[in-house]
Amino acid sequence: MLKAVILLAFCLGATGQNYQPTWESLDSRPNPQWWNDAKFGIFMHWGLYSVPAYGEWYWNYLMVNGSDTQKFHDKVYGANFKYQDFAPMWKAEVFDAQQWAALFKASGARWVTMTSKHHEGVALWHSRQAWNWNTVDNEPHRDLLQELSSAVRAAGIKWGIYYSLFEWFHPDYIGPNPEVYVNNTMLPQMYDIATTYQPDIFYVDGEWDHDSDFWQTRPFLAWLFNESPNKQNVVINDRWGNECRGVHGGYFVCENGGDSPFCPPKNRSGHPWANHMEIGSTFGYNRMDTPADSRDSTFFIRLLCISVALGGGLEINVGPTSDGRIAYEQQEILLAMGAWLQVNGESIYGSKPFRVSIDPQNNNTMYTTNNGYVYALTLEWPTNGELVLHGPTTSPTTEVTMLGYNGGSLKWSDNGNGVVTIQTPPIGPNQAPCKDAWVFRISNAK
């Protein structure tokens with residue numbers, strides 16, 4: 001019956017935008033302009049694993065004899081304490097969706113994506129396919145997707161959902177006919193999410209066991225692009241089957257700056273992509289993290305500059321606590337991102353890669369272009385008062401300014417051999433309008 005409904009939905013959609021359930025057709029769909037302009041977003045892993053607060057793969061590692069997680073669990077909760085026993089403990093008693101949305105707005109993020117269901121299978125909405133294994137039937141007895149999506153959109157931010165295609169221990173999935181799980185659990189949940197919450201980003205994961213034919217993702221995507229309520233705005237990632245990463249999808253995910261062949265700088269295909277990185281040692285909140293496990297705002301500001309210069313974007317993952325807080329050290333990073341973007345956002349939002357992405361003689365300097373300007377983003381403040389560039393070609397009418405500096409135009413010179421020297425303002429990096437990266441806007445250059 002479900003397959004017949006999917007086919008009917010696709011056939012109806014085929015008379016509209018007419019995306020066929022083939023990768024050739026689906027890959028021909030351009031991303032909506034909002035995604036091309038956004039550049040920076042936030043990702044969140046929130047689930048039952050937030051209760052033990054030892055990482056989002058807790059249940060999986062708990063079942064591995066002798067693992068660090070099992071040792072931690074036995075010490076803190078006891079060997080007879082089952083993972084399911086955490087369910088009544090997820091209270092989210094101080095969760096305030098408007099407060100989170102205000103933080104995300106202040107960070108400068110243009111999208112927020114949250115887990116709707118991770119590999120553990122707990123649904124953060126009232127899913128009929130996850131009876132008594134969701135946040136409405138169980139604690140915290142709240143539709144977390146609805147609360148946060150409403151608050152985020154009210155703040156003018158795009159809303160995305162993460163969905164795990166598989167579940168570690170779902171009896172249908174680990175049984176002799178896992179297709180039963182796909183037809184009776186996975187697909188109904190995906191249609192429910194797309195229809196009820198109308199995400200601007202539909203991000204899937206957990207695809208590695210099977211190809212896209214098994215997951216039946218191509219017919220779903222044809223429906224998503226042709227018939228779903230948010231068909232014009234929705235963006236997808238590249239994890240729709242074990243053959244898809246870096247091959248099929250609206251944007252390629254470069255997780256943790258990995259060395260996959262589709263991660264820049266190896267990949268120069270020009271396909272949209274984003275760096276996807278957590279702040280601490282795990283994507284879910286981990287109470288055992290130390291300062292040595294955490295990246296800081298300097299790291300992320302510089303990673304944003306590099307990613308955008310190479311034609312990509314950045315999504316920073318935060319892991320909320322089970323009581324509904326975002327840890328202050330994670331808030332500090334997000335607020336620092338927002339402060340930097342408040343000064344330098346025009347070099348990021350809506351920008352495109354310049355013909356030279358990274359300065360060939362100084363990899364601490366990179367370039368973007370936007371609205372006719374060239375932007376030189378440097379990660380190192382010139383101590384000798386001169387920023388030397390080996391990228392832009394100037395003209396007699398070129399003017400150079402520093403974003404956030406109110407002292408007017410800066411002096412510059414061009415030796416005619418591709419070397420431009422900018423006289424930086426007579427201030428130190430601590431007196432500059434921002435820290436960690438500084439941006440110089442160059443007009444009438446190419």
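Me: Which side chain does Glu 139 meet in a salt bridge?
Reply: In this predicted model, where local features need pLDDT of at least 70, side-chain atom pairs count only at pLDDT 80 or more and totals for chains, interfaces and linings use all residues, Glu 139 meets Lys 91 at 3.2 Å, N to O; a salt bridge here is a side-chain nitrogen of Lys or Arg within 4 Å of a carboxyl oxygen of Asp or Glu. Residues are numbered from 1 along each chain as its sequence is written, and side-chain values use heavy atoms, with hydrogens and water left out.

Me: What parts does that pair tie together?
Reply: Glu 139 lies in the loop between β2 (111–117) and α7 (144–154) and Lys 91 in the loop between α5 (68–76) and α6 (97–107), so the pair ties together parts 48 residues apart in sequence. Helices (H or I, at least four residues) and strands (E, at least two) are DSSP runs, numbered from the N terminus.

Me: How many salt bridges are there in the whole structure?
Reply: A search finds twelve, including one between Arg 245 and Asp 205, with the closest N and O atoms 3.5 Å apart.

Me: Is Asp 205 buried or exposed?
Reply: Asp 205 is buried at a relative accessible area of 7%, whereas Arg 245 is partly exposed at 30%; buried means under 20% relative accessible area, exposed over 50%, and partly exposed in between (1.4 Å probe, protein chains only).

Me: Switching topic, where does Glu 346 sit, and where is Arg 441?
Reply: Glu 346 and Arg 441 meet in a salt bridge at 2.9 Å, N to O, with Glu 346 in the loop between α12 (328–344) and β9 (352–358) and Arg 441 in strand β16 (residues 438–442), 95 residues apart.
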